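Consider the sequence and the model shown below.

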Amino acid sequence: MPKEDTSTISTNSTGGDEKTREHPIPEDSILMDYRDFTRCVSELPDGLIVAPILALCGKLLTPNVTLNFGSQKPLTIYNFVACPAGLRKGTTFAPAIKIARHLLTPEDFIGGNASDSALFDTFEQQPHRLQFEDEGNTILRSWESQSYGRETSARYLGLYDGSPWHQNFLREGKSHGDGESQRHIEQATLSLCIGSTFGVARLDQIASGCGLRRRFGFYVATRQARQIWWPESLEGDDLQNLTDLFRNLTNLKGSVGRDNFTKAAKHYWVGLQQRNRARCESIPGYTNGDESLLSSLNESPARCLKLAIIFQACRWARGSITDPFTITPEILELAEAHQNGCLDALIQLEGMSRRVQVEDTAEWLIAQIIGDHSVKPGQHRAVFTRSELTRRFAANPGRIGALTASKLYGEIIPHLISRQQCVMTKSDKHTLYTFTWE
């Protein structure tokens with residue numbers, strides 16, 4: 001494998017003028033070997049290259065290696081890769097998928113859409129699974145709009161946590177003499193990596209979107225990092241050698257808890273949590289973006305622990321360390337920096353998606369006003385009071401995806417004012433909004 005430097009932390013290349021965002025990984029680990037290989041296949045930045053392989057590592061270590069943090073937690077990883085259409089997400093996922101297929105059986109995978117009952121049947125046969133969705137727009141849209149999709153997306157919360165799974169099926173009761181209809185899986189887990197475009201990446205149209213955002217690590221790019229004229233083959237010895245290195249992870253068995261931390265690591269861990277809590281307290285939580293960041297911050301310490309354990313396992317698999325279960329301050333610092341990169345990506349994603357949503361909703365609002373029964377053909381101006389606007393266009397705040405008064409007056413109206421399509425005036429009795437269009 002080509003080696004590019006010997007520093008402790010890799011700096012991710014993002015290309016162009018885009019601000020560099022680091023998702024550091026240990027230099028002396030098989031993750032770095034994988035990154036170096038995939039750089040010859042994928043044009044996306046390093047952070048996005050690493051996202052799928054981290055999900056695979058979580059699957060390879062689950063359920064044999066656990067995190068003892070209040071309870072025995074699986075090392076499941078949920079990662080989300082977001083970039084514009086046409087940046088070849090599939091190419092970036094391909095090496096991790098190829099390695100996974102060499103190491104796992106078909107029964108270890110799930111893919112595409114499924115109902116909750118169909119998922120139960122699948123996990124009853126093999127309770128620990130892996131899912132790669134490099135074109136995830138379809139499954140995310142089904143989670144937004146389909147009744148079975150909403151139920152299934154909620155199930156993914158429990159699959160991340162490794163929760164027990166109970167299901168009651170009427171057909172089961174009919175097939176048993178005692179009428180017993182309940183089936184049970186003691187622990188069901190999933191490691192997951194989804195790729196999508198920006199439009200659906202915020203998950204805000206999904207009923208369980210807040211819980212899902214909390215569990216995902218985000219990796220975002222707006223342009224490619226490099227140009228590849230002839231990609232490396234996925235059929236050669238290099239990928240097979242990588243596969244053999246990742247196979248080592250399946251030989252580990254054990255649990256990592258407080259006693260596995262060095263004295264210095266325990267001190268660092270306290271500081272990490274203090275920084276996390278201080279950041280949580282500094283966020284007002286007034287907007288959806290604030291709520292998303294707060295939700296992710298609440299999961300960040302546990303995710304840092306998972307990343308630290310995976311990083312140590314990947315160093316051990318390469319022969320760089322002899323004890324993969326000892327947690328040092330250096331590896332915690334690396335995990336915290338990686339997670340901070342995911343939080344930065346979430347903030348960027350929120351801003352980008354919010355701008356698109358505001359523009360789309362503003363266009364929708366103008367179209368609704370033009371089509372309003374009070375607007376005559378050929379008219380290019382309409383005036384509403386605040387109460388009229390709220391009653392006509394933000395009357396269902398409890399409905400998922402509906403326009404709320406806070407969004408209308410806090411985001412949409414200011415956007416239209418900046419585009420000179422709305423003027424707000426105040427009188428003694430009313431606030432008036434004058435909309436104009438061509």
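Is F216 buried or exposed? In this predicted model, F216 has a relative accessibility of 3% and therefore counts as buried, since the cut-off for that class is under 20%. F218 falls in the buried class as well, because its relative accessibility is 2%. The rings of F216 and F218 form a tilted aromatic pair, with 6.2 Å from centre to centre and 55° between the planes. An aromatic cluster takes in both of these residues, together with Y78, F80 and Y160. Y160 also has a charged neighbour: K306 lies over the face of its ring, 3.9 Å from the ring centre.

Another aromatic pair is made by F384 and F393. Here the geometry is edge-to-face, with an angle of 80° between the planes and a centre-to-centre distance of 6.1 Å. F384 is buried, at 3% relative accessibility, and F393 is buried too, at 9%. The count of aromatic pairs comes to 16, where ring centres must lie within 6.5 Å to qualify. A further charge over a ring involves R129, whose charged end sits over F123 at 5.8 Å from the ring centre.

Next come the nonpolar cores. The largest has 66 residues, and within it F132, F246 and L249 touch the most other members. Helix α2, residues 46–61, supplies the largest share of this core, with 11 residues. Apart from this core lies another one, of 33 residues, including F120, W143, Y156 and I194.

What does F246 touch, leaving aside residues up to four places away in sequence? Its contacts are I30, L31, Y34, I53, C57, L60, I99 and L103.

The totals for the protein give the setting for these details. There are 15 helices and 12 strands. Of the 438 residues, 52% are buried. Taking contacts between residues at least 6 apart in sequence, 75% join residues at least 24 apart. The accessible surface is about 20100 Å², and carbon and sulfur atoms account for 48% of that area.

Technical notes. Residues numbered from 1 in each chain as written. Predicted model: local features only at pLDDT ≥ 70, side-chain atom pairs only at ≥ 80, totals over all residues. Heavy atoms only, no water. Helix = DSSP H or I, 4+ residues; strand = E, 2+ residues; numbered from the N terminus. Buried < 20%, exposed > 50% of the residue type's maximum accessible area, 1.4 Å probe, protein only. Contact = heavy atoms within 4.5 Å. Areas by Shrake-Rupley, 256 points an atom, 1.4 Å probe, with all protein chains shown as cover. Core = buried A, V, L, I, M, F, W, Y, C linked by side-chain atoms within 4.5 Å. Phe/Tyr/Trp six-rings, centres within 6.5 Å; stacked < 30°, edge-to-face > 60°. Lys NZ or Arg CZ within 6 Å of the ring centre and 35° of its normal.
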